[in-house]
Amino acid sequence: ATSGARLLDEDASDSLTAELFPFAALITPNLPELELLTGDSIASREERIDAARKLAAKWGCAVLSKGGHAEKSADDILVTDSETTVFPGTRIDTKNTHGTGCTLSSANLAKGAGLTAAIRQAKDYVAGALTADLKMGKGHGPLHHGFDLKSRFLAPFSPMEGK
């Protein structure tokens, strides 16, 4: 969770990975999850890439190491069997970050976008939703999913976009 709270009992983590990861095309761990899944302590970009490669090899899927928990940047790193792609991100000063990881993980793939193009557009969408800074309740609120209802984010994905 964005708060750092564990959302799954430790015993259930092994079952989750063993039962679901073999079917995944993409897994999207944040930095604490990447450390938990690999057993590695990660302090640098190179260590993030190595850890993501370790998971990709183990589970036979792409890994998007989300950068929201990193100290210096909000860069995300995609590791596939053939390439490593860094998606630069700027840290946005807001406390309304609830749901960023889930949103990034799911945005645009269902529209038929290729993996790299979907991630690039999802990062743009999440950045826009964070920048809109929805003020709701107290404490950490949600990002503003409806910040731009007439934008390209709602249009069907063009297969040529992002190529």
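Two residues are in contact when heavy atoms of theirs lie within 4.5 Å of each other. Keep that idea at hand as we walk through this structure, which is a predicted model.

Let's start with the overall layout. The protein chain has five helices and four strands, and from the N terminus on these elements follow the order α-β-α-α-β-β-β-α-α. Of the 163 residues in the protein chain, 39% are buried. Contacts also reach across the sequence: among those between residues at least 6 apart, 54% join residues at least 24 apart.

Now find Asn96, in the loop between strand E4 (84-87) and helix H4 (100-106). Asn96 counts as buried because its relative accessibility is 4%, and the cut-off for buried is under 20%. Which residues is Asn96 in contact with, leaving aside its neighbours within four places in sequence? They are Leu130, Asp133, Leu134, Lys135, Gly139, His140, Gly141, Pro142 and Leu143.

The protein chain exposes about 9700 Å², with carbon and sulfur atoms supplying 56% of it. Leu8, Leu16 and Leu20 make a nonpolar surface patch of about 240 Å². Leu20 belongs to helix H1 (residues 10-20). With a relative accessibility of 48%, Leu20 counts as partly exposed, whereas Asn96 counts as buried.

Conventions. Residues numbered from 1 in each chain as written. Predicted model: local features only at pLDDT ≥ 70, side-chain atom pairs only at ≥ 80, totals over all residues. Heavy atoms only, no water. Helix = DSSP H or I, 4+ residues; strand = E, 2+ residues; numbered from the N terminus. Buried < 20%, exposed > 50% of the residue type's maximum accessible area, 1.4 Å probe, protein only. Patch = residues over 30% accessible without salt bridge, like charges linked within 9 Å, V, L, I, M, F, W, Y side chains within 5 Å. Areas by Shrake-Rupley, 256 points an atom, 1.4 Å probe, with all protein chains shown as cover. Salt bridge = Lys/Arg side-chain N within 4 Å of Asp/Glu carboxyl O.
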